[in-house]
Amino acid sequence: MNKKIEHIPSLSAFNFLKHAGKILKNPLPFHHKNFEKLGDSYRLHLGLGNSVVFSRDPNLAKYILQTNQKNYEKSPIQTEDMAKYIGHGLLTATGKQWQKQRKLIQPAFHKNNLKKLLKAVQEALSVEIDKITVEERIDIFPIFNDLAFQTVVKALFSSAVGNKEIQRLQHITETIQKMLVSELRQPYLHWWFQLSGKVQKHLDLTEEARDILKTVIANRKQGKRHDDLLDLLLDARYEDGGAMSEEQLVDEILIFFAAGHETTSNALTFAAELLAREPEMQEIIYQEVKSLKAETSDLMNFVTKAKFTNRVISETMRLYPPVYFIDRISLAKDEFEEKNIPKKTSILLAVYEIHRHKEYWKDPSVFNPNRFKENPRPEAYFPFGAGPRKCIGNNFAMFEMVLAVAELVARFKIKPTKEEIEILPLITLKPKNAVLKFEKRMVD
């Protein structure tokens, strides 16, 4: 007889409210405790008849994201809450709108096009890494945050946008993300956010960002080509021969800002933190980079041949996946491994827990990049999602991070300043107090 999802272990709304303060600060210990106690899937009641199923079952994740992905759409967290600030682009769109945009934009992220962007990416990250001071305790996250944003800007616009506009766009992007976190973590204050004018204030900031981007687009249409992502998006045509509307183009650019810079800066910071505690791994990267630079000047060749550096980044995103939860809602009733999934079931796939699941990973808490040499395509691994909605910029992000780690280790030896790596789970999994020391590397 089939087990119904209603009968899986569950927690009451009282339990949720009792721990609301701790969940607001960091939900991961709360969920880990429940998974260990209740199993790989459990239901959390939120009150007023609402509930969410949390799961760290990688097989269910693959089923929802890939095998039967047509029956599962993104939740209102993205399609409504995020969309009101950053529009209806690839990250927030659903159904036919998403299919239409994905088909249109996918060619822009083909490796042949990314190859043309790598020089601009390297130049942008080199400028930011120049800001690192040696023999001082510094928080590396702000530097990587600026690096990732500047890289996205360079890939999108080349050098066609002024620093004043870039700084304003970055400020707006990060301010809106903080507001969204407050709304999602404190739904019981929705009335206050509305009445106090906080929501409107941030919607006004969004309009300011849109106006800046519309000016950039207008100038590009009247100026020369740069063969960057903006030109590729302006060139893109739907099946009927039409181009993206200005509003839709702005939506997609806002998505790139929101999704493209924060996840990368998080992962790079965690990579630096992990490597700081592994001087032997830094030396392996240094020798790999030195050898490859002597062998090739082609950046695409470099990023694909830097095998150990790639594995370091993959292992970093296993331990600290920037997207640490993936949300879906079932469109129709479904069945998976003798469990009935009713229509409109909200499901949160706990990527952080899947990546550390002891049944699927040997010594899951150990930083071991070479596990990706032994198994380059593990089943319980979803740093960029899976299936048709897998992150469209996954290759761009990996290339960028390989270049950044290579440049960082080529210049410096990284030293830790404390034992523990701290985290701050917001919309993405962010680092906290990532204070490191850098020693100038003596080039041999």
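Where is the place of Glu-135 in the chain? Glu-135 sits in the loop between α7 (111-129) and β6 (137-139), where helices (H or I, at least four residues) and strands (E, at least two) are DSSP runs numbered from the N terminus. The structure is a predicted model, in which local features need pLDDT of at least 70, side-chain atom pairs count only at pLDDT 80 or more, and totals for chains, interfaces and linings use all residues. Residues are numbered from 1 along each chain as its sequence is written, and side-chain values use heavy atoms, with hydrogens and water left out.

The phi angle of Glu-135 is near 55°, a positive value in a residue other than glycine. With a relative accessible area of 51%, Glu-135 is exposed; buried denotes under 20% relative accessible area, exposed over 50%, and partly exposed the range in between (1.4 Å probe, protein chains only). A positive phi, of about 45°, also occurs at Asp-363, which is not a glycine. Asp-363 belongs to the loop between α17 (351-354) and α18 (371-374) and, at 47% relative accessibility, counts as partly exposed.

A further loop residue, Tyr-238, lies between α12 (229-235) and α13 (246-276). Its relative accessibility of 16% classes Tyr-238 as buried. When residues up to four places away in sequence are not counted, Tyr-238 touches Lys-100, Gln-101, Leu-104, Ala-243, Met-244 and Gln-248, a contact being defined by heavy atoms within 4.5 Å. The C-alpha atoms of Tyr-238 and Phe-325, 87 residues apart along the chain, are separated by 32 Å.

Gln-101 and Gln-248 also take part in the packing of two helices, in which Gln-97, Gln-101 and Ile-105 of α6 meet Gln-248, Glu-252 and Phe-256 of α13. By class, this contact of α6 with α13 has 2 nonpolar, 3 polar and 1 charged residues; Ala, Val, Leu, Ile, Met, Phe, Trp, Tyr, Cys and Pro count as nonpolar, Asp, Glu, Lys and Arg as charged, and the others, Gly among them, as polar. The axes of α6 (residues 95-105) and α13 come within 13 Å and cross at roughly 80°. Axes are lines fitted to C-alpha atoms, for helices over the stretch in contact, and angles run from 0 to 180 degrees between N-to-C directions. The two helices, α6 and α13, are therefore roughly perpendicular to each other, given that angles under 35 degrees count as roughly parallel, over 145 as roughly antiparallel, 65 to 115 as roughly perpendicular and the rest as oblique.

Helix α13 is also one of the elements against which the buried residues of α16 pack, together with α14 (279-295), α15 (299-305), α17, α18 and α19 (394-411). Of the 13 residues in α16, 12 are buried, so this helix is largely enclosed by the rest of the structure. Among the buried residues of α16 are Phe-308, Arg-311, Val-312, Glu-315 and Leu-319. At 1.5 Å a residue, the 13 residues of α16 (residues 307-319) should span 18 Å, and the end C-alpha atoms are 19 Å apart, which agrees; the expected span is 1.5 Å times one less than the number of residues.

Glu-315 forms a salt bridge with Arg-371, the closest N and O atoms being 3.0 Å apart. This pair links distant parts of the chain, with Arg-371 in helix α18 and Glu-315 in helix α16, 56 residues apart. Both Arg-371 and Glu-315 are buried. A salt bridge is taken as a side-chain nitrogen of Lys or Arg within 4 Å of a carboxyl oxygen of Asp or Glu, and by this rule the count comes to 26.

Glu-183 and Lys-84 are likewise joined by a salt bridge between their side chains (2.6 Å, N to O). Here Glu-183 in helix α9 (residues 163-185) and Lys-84 in helix α5 (residues 76-86) are 99 residues apart. Glu-183 is buried at 10% relative accessibility, whereas Lys-84 is partly exposed, with a relative accessible area of 30%.

Within α19, Arg-411 and Glu-407 lie 4 residues apart, about one turn of the helix, and their side chains meet in a salt bridge (2.8 Å, N to O). Arg-411 is buried, with a relative accessible area of 17%, and Glu-407 is buried at 13%. Salt bridges that share partners also join Glu-36, Asp-40, Arg-56, Glu-353 and Lys-358 into one network.
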